[in-house]
Amino acid sequence: MAMFDKNEGRYKKDYATSDELWSALLGVFTPTSRKTTTYKFGFLKSIIDNLYNVDINYVLTFDQLFGKFTEIYWNLILKYNLLQKPVDKNNKESKIEKILYSTQSKYSLGENIPFESLPEQIKQEIVVSVKKECKQYVVAALFGDTQMMFYSFSKSEEWIQINPQMYDFICKHKLMIEKINYFEWAKFLEKVNSETTTPQLLSKLDASSKRNNLSIYRQILHEEFGFNTCFYCGKNLQQSKIEVDHFIPWAFIKDDNIWNFVLACPECNRSKSDKLPDLIYLDALIERNDNLLLDYIERNNIHYNNDTLRHIYEWAKLNGYNKTWKKRNYSKSKVSVSE
């Protein structure tokens, strides 16, 4: 049986050196890694973007992975009009292109409607279709390309379990691995697309899973939990000037999670930008999550714990976020923990 046809696989549990882990991951990008579509690049990005959503056993479900996978391709295909495979003599599209264009036509959706703005029922319908069609080969193929060191998987039970050694390794080198994946993905796309659709490919790939509307998180934090002061300076927030900030920058975490969002005034949000906040703010965020959001997190089945948040903070430093930000004229008493 060819590797891509396997229905399940188990990662190698032997101790691996850093060089061996690098070699396994880079196997995805070698000429021996067969690619007729961009799916391997997209699936790798889906795993990396979901790193901090694993459960205590390092498991991610296919719903998590192909939910992100669908969101990524929604933008690449419908927003940026990028082909995901070479046009053959029969002019066949990739399966994901067929699914997305068919859905767009079925529901008369506008060309630039963001994936997150779709009704939940339509989103779920698309994800189910994408999962059914795309899981068949890419899960086992990526497993084989990474020398069976990346993850275990079961197609029937619809999960992958990341090798803890590989998980720690990827977290420590996350941005470098992302850049390599983007670079190789962009090279593939340049070959199968016209010059009119390929400008700024790396930026398009990086932004493919970024959401445009964070108002739902502003609503939850402000209206449901009653936060009305800036997390960083403690200043009262005006209704029209409440901004939502990714505490650990989106550029690193590449995901939207309630435990990583705070409300900020425009001045603090602009000043902080994509910097990592000072450690004292991390302590305040953990205290806030423990005291006020834990029940919400549990009710919504969100994977979160304080140790993981501290690890993500340290991994961000290892990935180049080593200069932290603190509000000028900062006072510890102004940090907004609770209302």
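This is a predicted model: local features need pLDDT of at least 70, side-chain atom pairs count only at pLDDT 80 or more; totals for chains, interfaces and linings use all residues.

Me: Why is the pair of Phe 29 and Phe 41 called stacked?
Reply: Set the values against the cut-offs. Ring centres must lie within 6.5 Å to pair, and planes under 30 degrees apart count as stacked. The centres of the Phe 29 and Phe 41 rings are 6.4 Å apart, and the planes are at 10 degrees. Both values pass, so the pair is stacked.

Me: Where do Phe 29 and Phe 41 sit in the chain?
Reply: Phe 29 is in the loop between helix H1 (18–26) and H2. Phe 41 is in helix H2. They are 12 residues apart, and the pair links distant parts of the chain.

Me: How do you know whether Phe 29 is buried or exposed?
Reply: Buried means under 20% relative accessible area. Phe 29 has 14%, so Phe 29 is buried. Phe 41 has 3%, so Phe 41 is buried as well.

Me: What makes Phe 225 and Phe 227 an aromatic pair, and of which kind?
Reply: Their centres are 6.2 Å apart, with 25 degrees between the planes. The limits are 6.5 Å for pairing and 30 degrees for stacking, so this pair is stacked.

Me: How many aromatic pairs does the whole structure have?
Reply: A search finds 31. Ring pairs also join residues into a cluster, with Phe 29, Tyr 39, Phe 41 and Phe 43 among its members. Others in the cluster include Phe 62, Phe 66, Trp 185 and Phe 188.

Me: What makes H2 a mostly covered helix?
Reply: The count does. Of its 11 residues, 11 are buried. Among them are Tyr 39, Lys 40, Phe 43, Lys 45 and Asp 49. Each is under the 20% cut-off, because that is what buried means.

Me: Which residues have the most contacts inside the largest nonpolar core?
Reply: They are Phe 43, Tyr 52, Phe 150, Tyr 151, Ile 160 and Tyr 232. The core has 107 residues. In soluble globular proteins, nonpolar side chains tend to be buried together. Tyr 232 touches residues well along the sequence, including Asp 245, Val 262, Tyr 281 and Trp 325.

Me: What classes of residue line the second largest cavity?
Reply: The lining has 7 nonpolar, no polar and no charged residues. It includes Trp 22, Phe 29, Leu 44 and Ile 177. H1 gives the most, with 3 residues. The volume is about 30 Å³. The structure has 2 cavities of 30 Å³ or more.

Me: What lines the largest pocket?
Reply: The lining has 32 residues. Gln 64, Arg 211, Tyr 217, Asp 255 and Asp 256 lie nearest the centre. By class, the lining divides into 10 nonpolar, 12 polar and 10 charged. The volume is about 1100 Å³.

Me: Which element gives the largest share of the lining of the second largest pocket?
Reply: H5 does, with 6 residues. This pocket has a volume of about 570 Å³. Its lining has 7 nonpolar, 3 polar and 9 charged residues.

Me: What makes the phi of Ser 108 worth a mention?
Reply: Most residues other than glycine have a negative phi. Phi of Ser 108 is near 50 degrees, a positive value. Asn 301 also has a positive phi, about 55 degrees, and is not a glycine.

Me: How do you know whether Ser 108 and Asn 301 are buried or exposed?
Reply: Exposed means over 50% relative accessible area. Ser 108 has 65%, so Ser 108 is exposed. Asn 301 has 63%, so Asn 301 counts as exposed. Ser 108 is in the loop between helix H4 (95–106) and H5. Asn 301 is in the loop between helix H12 (279–299) and helix H13 (306–318).

Technical notes: Residues are numbered from 1 along each chain as its sequence is written. Side-chain values use heavy atoms; hydrogens and water are left out. On a 1 Å grid over the protein atoms alone, a cavity is a set of points where a 1.4 Å probe fits but cannot get out, and a pocket is an open set with protein on both sides within 12 Å along at least five of seven lines; lining residues have an atom within 4 Å of a point. Grid points are joined across faces, edges and corners, and a volume is the space filled by probe spheres set on the points. Ala, Val, Leu, Ile, Met, Phe, Trp, Tyr, Cys and Pro count as nonpolar, Asp, Glu, Lys and Arg as charged, and the others, Gly among them, as polar. Helices (H or I, at least four residues) and strands (E, at least two) are DSSP runs, numbered from the N terminus. A nonpolar core is a set of buried Ala, Val, Leu, Ile, Met, Phe, Trp, Tyr and Cys residues joined through side-chain atoms within 4.5 Å. Buried means under 20% relative accessible area, exposed over 50%, partly exposed in between (1.4 Å probe, protein chains only). Contact means heavy atoms within 4.5 Å. Rings of Phe, Tyr and Trp (its six-membered ring) pair if their centres lie within 6.5 Å; planes under 30 degrees apart count as stacked, over 60 as edge-to-face and the rest as tilted. Lists of a residue's contacts leave out its neighbours within four places in sequence.
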